[in-house]
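Here is a short tour of a protein chain and the ligand that goes with it. Have a look at the view below, then read on.

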Amino acid sequence: DSSAKVIDGKAVAKQIRDEITAEVSRMRESIGVIPGLAVILVGDRKDSATYVRNKKKACESVGINSLEANLPEDSTEEEVLNYISGYNDDPSVHGILVQLPLPSHMNEQNILNAVRIEKDVDGFHPLNIGRLAMRGRDPLFVPCTPKGCIELLHRYDVSIKGKRAVVIGRSNIVGMPAREDATVSVVHSRTSNPEEVTRQADIIIAAVGQPNMVRENWIKPGAVIIDVGINPVEDPNSTRGYKLVGDVCYEEAIKVASAVTPVPGGVGPMTIAMLLQNTLISAKRVHNFE
Ligand code: NDP
């Protein structure tokens, strides 16, 4: 009796990419500017390489230029900073993304601080995060994953204002509850009885990194669930030996919730679409193009 609606992030992301494609070509035709995104990848983590490849493909699909710097694992922090400084000064680059995590011998703070905030399309510069957190201030960019979560709720007409939202996880990537007038609680690894908190929620956003952690009894009937988690779990039936699951037990959630995002095909494609959108916003802003 699965009654929940599946929130099709892949389809919404496609729709947004189509909108971006149209804007990119309008911009190119009217002022001759093509938005550009530079991605810096350090080391050879397989998951990071996959994310970078997908971002590059997504750029191509909407007509955004993509530049890529692949640096070896044993690069120095200075070498990474040199690339950032080159992209900071390059007028054809409107967005700079440093793929995380960086190798452990590098200071992530130093590196993220070095990205010009006007090009911080990931929204991870402390000034952007600070402005996001402050009342009455606007960041230049909202980080892609939370932006994608909110956009999904909007496009599915889920009202947020006055609702109880619970975010599970408090990392930089997703831990900033939106300025959408929800009443927000944050659950983390030290929260006792997290399921009692999540059961109050009209909207649950799970960003933990624990496969299938959110079970049926964590969910209020009719709640809307956004599952950010991407967790590889062993799967002998798959040729690569694993499959990806979310932080929410999908089979159980679909029975009690009113709407659920699947993994894959939910938040993941939205994160990439928001990266493209932030790059377009940046190019429009610097060229005063409306
Ligand atoms: P982090 O490891 O940085 O943060 C995890 C958060 O979850 C922490 O705040 C931690 O609490 C909390 N947590 C861990 N265990 C528990 C628990 N048992 N109960 C309650 N809270 C817990 O992860 P990220 O935020 O970077 O990523 C989270 C997940 O989202 C991952 O699966 C990642 O792959 C995925 N992701 C997906 C993206 C997408 O586009 N779909 C983008 C980014 C991430 P504490 O602070 O106390 O340690």
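How many nonpolar, polar and charged residues does the shell around the ligand have? Sorted by class, the shell holds 10 nonpolar, 12 polar and 2 charged residues. Please keep in mind that this is a predicted model. Of the 24 residues around the ligand, those that come nearest are G169, S171, S189, G209 and T271. Among the elements, α9 gives the most to this shell, with 3 residues.

**Two domains**

Let us step back to the chain as a whole. The protein chain is divided into domain 1, which covers 30–139 + 270–283, and domain 2, which covers 144–267. Taken over C-alpha atoms, the centres of the two domains are separated by 26 Å. Where they touch, 12 residues of domain 1 are in contact with 9 residues of domain 2. On the domain 1 side, α5 (126–133) and α9 (267–286) each supply at least two residues. The largest share of that side comes from α9, with 6 residues. By class, the side of domain 1 that touches domain 2 has 8 nonpolar, 3 polar and 1 charged residues.

Now for some strands and their partners.

| Strand pair | Sense | Bridges |
|---|---|---|
| β5 (residues 164–168) and β7 | parallel | 4 bridges |
| β7 (residues 203–206) and β8 | parallel | 4 bridges |
| β8 and β11 (residues 259–260) | parallel | 2 bridges |

Residue by residue, A165 stands opposite I203 in β7, and I203 in turn stands opposite V224 in β8. Further along, A206 has D227 in β8 as its bridge partner. On the way to β11, I225 is bridged to V260.

What about the faces of these strands? In a regular strand the side chains alternate between the two faces of the sheet. In β7, I203 and I205 lie on one side and I204 and A206 on the other, and all are buried, so both faces are covered. From β8 (residues 224–227), V224 and I226 point one way, while I225 and D227 point the other way. These residues of β8 are all buried, including D227, the bridge partner of A206.

Conventions: Residues are numbered from 1 along each chain as its sequence is written. This is a predicted model: local features need pLDDT of at least 70, side-chain atom pairs count only at pLDDT 80 or more; totals for chains, interfaces and linings use all residues. A residue is buried if 20 or more other C-beta atoms lie within 10 Å of its own, exposed if 12 or fewer, and partly exposed in between; C-beta atoms are placed from the backbone. Two strands pair if DSSP finds at least two bridges between them. Domain bounds come from an automatic or database domain assignment. Two residues are in contact if their C-beta atoms, placed from the backbone, lie within 7 Å. Ala, Val, Leu, Ile, Met, Phe, Trp, Tyr, Cys and Pro count as nonpolar, Asp, Glu, Lys and Arg as charged, and the others, Gly among them, as polar. A residue is near a molecule or strand if its C-beta atom, placed from the backbone, lies within 6 Å of it.
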